[in-house]
Amino acid sequence: MARKLAAGNWKMNGLSADLAEIRTLLQAPAPGCGVLVCPAATLVAAMAEACAGSFVAVGGQDCHAAAKGAHTGDVSAPMLADAGASHVILGHSERRADHGEDDALVKAKAEAALAAGLLPVICVGETEAERDAGETLAVVEAQLAGSLPETAGLVIAYEPVWAIGTGRTPTLEQIAEVHDAMRATLAARFGAAAEDIPLLYGGSVKPGNAAEIFAVSNVDGALVGGASLKAADFGAIITALDAA
Ligand SMILES: O=C(CO)COP(=O)(O)O
């Protein structure tokens with residue numbers, strides 16, 4: 001069984017004053033599930049310091065495929081690890097859309113992350129047009145085939161693009177269909193190790209819908225955007241996962 005994981009993606013939000021939300025989160029008793037928060041690169045070191053020795057792990061939101069070099073504005077996996085990160089989100093649909101990232105680049109970044117000792121959180125998911133065309137499983141399978149690293153030390157997040165920041169979510173049956181298919185694909189690829197890969201759902205997860213999503217087959221947690229910014233909301237989602 002994969003360890004359950006509640007992950008927060010702060011996206012391009014958060015100034016140093018917002019670390020107060022993390023300090024509030026840390027006042028709760030440590031849950032049994034894993035907890036991860038991924039702030040912008042500017043906050044990784046300060047958040048890692050605030051979370052040192054606590055139940056909250058810290059991650060980046062992207063890394064370059066190279067360990068260092070002439071890549072102005074980019075951050076490498078060793079830099080994130082050096083700042084105290086243990087994870088890095090890769091292939092988020094916002095990066096695929098905003099920066100033209102394709103599966104091959106996501107895979108190269110994942111290999112770089114693993115080489116630096118970071119656990120990649122690889123994001124996949126269909127657009128609304130792809131779902132309407134009945135292509136959801138094919139799109140997700142192709143993204144997994146193209147973007148996974150060679151080894152099974154990773155986390156996968158299924159994030160339908162049309163559910164991100166919209167307040168809309170797939171039905172529980174639709175989530176189960178994709179998560180079951182992803183587990184089967186991972187088993188074919190990695191064998192028994194696939195059971196240990198946490199499969200997160202992401203897209204408009206809130207305190208009000210978390211419990212029902214966490215009860216879905218092969219859902220091991222969530223990658224939470226907007227509702228991870230406030231300790232009260234993210235704390236409620238963590239509590240729901242812990243109880244699932
Ligand atoms: O993209 C997401 C997490 O990576 C989901 O964002 P929201 O939870 O704001 O819909």
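Gly225 is in contact with Asn9, Lys11, Ile164 and Gly165, leaving aside its neighbours within four places in sequence. Contact means that C-beta atoms, placed from the backbone, lie within 7 Å. The model is predicted: local features need pLDDT of at least 70, side-chain atom pairs count only at pLDDT 80 or more, and totals for chains, interfaces and linings use all residues. Residues are numbered from 1 along each chain as its sequence is written.

- Gly225 sits in the loop between strand S8 (221-224) and helix H10 (231-243). Helices (H or I, at least four residues) and strands (E, at least two) are DSSP runs, numbered from the N terminus.
- Gly225 is buried because 21 other C-beta atoms lie within 10 Å.
- Lys11 is in the loop between strand S1 (5-9) and helix H1 (19-25).
- Lys11 is partly exposed, with 19 other C-beta atoms within 10 Å.
- Buried means 20 or more other C-beta atoms within 10 Å, exposed means 12 or fewer, and partly exposed is in between; C-beta atoms are placed from the backbone.

**Ligand shell**
- The ligand is surrounded by 14 residues, and the closest are Asn9, Ile164, Gly202, Gly225 and Gly226. The criterion is a C-beta atom, placed from the backbone, within 6 Å of the molecule.

**Annotated binding site**
- An unreviewed UniProt entry places the feature "binding site" at Asn9, Trp10, Lys11, Gly165, Ser204, Gly225 and Gly226. These residues spread over 218 residues of sequence but cluster in space, with a largest C-alpha distance of 13.9 Å.
- UniProt positions follow the numbering used here, feature names are shortened, and annotations may be inferred rather than shown by experiment.

Conventions
Two residues are in contact if their C-beta atoms, placed from the backbone, lie within 7 Å.
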